[in-house]
Amino acid sequence: EFATADVQTAGAFQLLRLVDRSDTPYRYLVGVRVDGDELELLEIYFPTEAHEKRYGEAVRASIAKGAL
């Protein structure tokens, strides 16, 4: 039910990036990674394209460096 869905990588996380179908689509990232016997999940919500453009790179860099 999303307009687009694609897989990205940030550090050890695999991210599923979803874009809503509405006139003002939000962006939603769901990330997963395995650490030993644990599955770690994260969720990131960008309410607009402008928010993702402004904060997206910093968020992905934080994920890649393990800051989350």
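**Entry 1: the surroundings of L29.** I looked up which residues L29 touches, where contact means heavy atoms within 4.5 Å. Neighbours within four places in sequence left aside, L29 is in contact with Q8, L16, R17, L42, E43, I44, F46 and R60.

**Entry 2: the basis.** I noted that the model is predicted, that local features need pLDDT of at least 70 and side-chain atom pairs pLDDT 80 or more, and that totals for chains, interfaces and linings use all residues. Residues are numbered from 1 along each chain as its sequence is written, and side-chain values use heavy atoms, without hydrogens and water.

**Entry 3: the core.** I then asked which residues form the largest nonpolar core. A nonpolar core is a set of buried Ala, Val, Leu, Ile, Met, Phe, Trp, Tyr and Cys residues joined through side-chain atoms within 4.5 Å; buried means under 20% relative accessible area with a 1.4 Å probe, protein chains only. The largest has nine residues: A10, F13, L15, L29, L42, I44, F46, V59 and I63.

**Entry 4: the whole chain.** I noted that 28% of the 68 residues are buried. The C-alpha atoms fill a box of roughly 40 × 25 × 15 Å along the principal axes.

Definitions and conventions
Buried < 20%, exposed > 50% of the residue type's maximum accessible area, 1.4 Å probe, protein only.
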